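Please read these comments with the structure open beside you. They are written for someone new to reading models of this kind.

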Amino acid sequence: MISADLGQQLEGFVARLVEAGRYNSKSEVLREGVRLIQDRETRLAALDASIARGLADADAGRTTSAESGFDRLEAKYRALDE
């Protein structure tokens with residue numbers, strides 16, 4: 001079992017959420033908060049992995065020049081206007 005001192009401000013916020021009926025208990029509020037943090041950490045890990053893959057591609061020379069990329073985009077959007 002985890003026991004945590006949230007401090008006066010956060011404790012008051014949690015109490016107000018329960019009093020307003022948004023949650024049934026303080027534990028429910030804290031569980032949702034931890035789930036949100038868990039989701040954020042999962043997304044950050046995926047972002048870190050994507051950045052690492054991009055850096056590895058750049059280091060291995062698997063890149064396209066910005067000019068080439070912009071030229072392709074310009075051609076694509078010109079074709080859409082026609």
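Predicted model: local features only at pLDDT ≥ 70, side-chain atom pairs only at ≥ 80, totals over all residues.

1. Rolling a probe the size of a water molecule over the atoms shows where empty space is left. Here the largest pocket holds about 390 Å³ of space. Its lining is made of 15 residues, and Ile2, Ser3, Ala4, Ser27 and Leu30 are the closest to the pocket centre.

2. Where the lining comes from. Helix 1, residues 7-19, and helix 2 each contribute at least two residues to the lining of the largest pocket. Helix 2 gives the most, with eight residues. Sorted by class, the lining has nine nonpolar residues, three polar ones and three charged ones.

3. Salt bridges in general. Side chains of opposite charge can pair when their charged atoms come close. How many salt bridges does the structure hold? There are four.

4. Glu11 and Lys26. The side chains of these two residues form a salt bridge, with 2.8 Å from N to O. Glu11 lies in helix 1 and Lys26 in helix 2, 15 residues apart, so the pair links distant parts of the chain. Glu11 has a relative accessibility of 31% and therefore counts as partly exposed. Lys26 is also partly exposed, because its relative accessibility is 43%.

5. Arg40 and Glu41. A salt bridge joins the side chains of Glu41 and Arg40, at 3.7 Å from N to O. The cut-off for such a pair is 4 Å, so this distance falls within it. Glu41 is partly exposed at 43% relative accessible area, and Arg40 is partly exposed at 42%.

6. Asp57 and Arg62. In this salt bridge the closest N and O atoms are 2.7 Å apart. Are the two partners buried, partly exposed or exposed? Asp57, at 30% relative accessibility, counts as partly exposed. Arg62 counts as exposed because its relative accessibility is 53%, and the limit for that class is over 50%.

7. The nonpolar patch. Which residues form a nonpolar patch on the surface? Leu44, Leu47, Ile51 and Leu55 do, and together they have about 360 Å² of accessible area. Leu55 sits in helix 2, which runs over residues 26-59. Leu55 is classed as exposed because its relative accessible area is 51%, where exposed means over 50%.

Definitions and conventions: Residues numbered from 1 in each chain as written. Heavy atoms only, no water. Patch = residues over 30% accessible without salt bridge, like charges linked within 9 Å, V, L, I, M, F, W, Y side chains within 5 Å. Areas by Shrake-Rupley, 256 points an atom, 1.4 Å probe, with all protein chains shown as cover. Helix = DSSP H or I, 4+ residues; strand = E, 2+ residues; numbered from the N terminus. Buried < 20%, exposed > 50% of the residue type's maximum accessible area, 1.4 Å probe, protein only. 1 Å grid on protein atoms, 1.4 Å probe; cavity = no way out; pocket = protein on both sides within 12 Å on 5 of 7 lines; lining within 4 Å. Points joined across faces, edges and corners; volume = space filled by probe spheres on them. Nonpolar A, V, L, I, M, F, W, Y, C, P; charged D, E, K, R; others polar.
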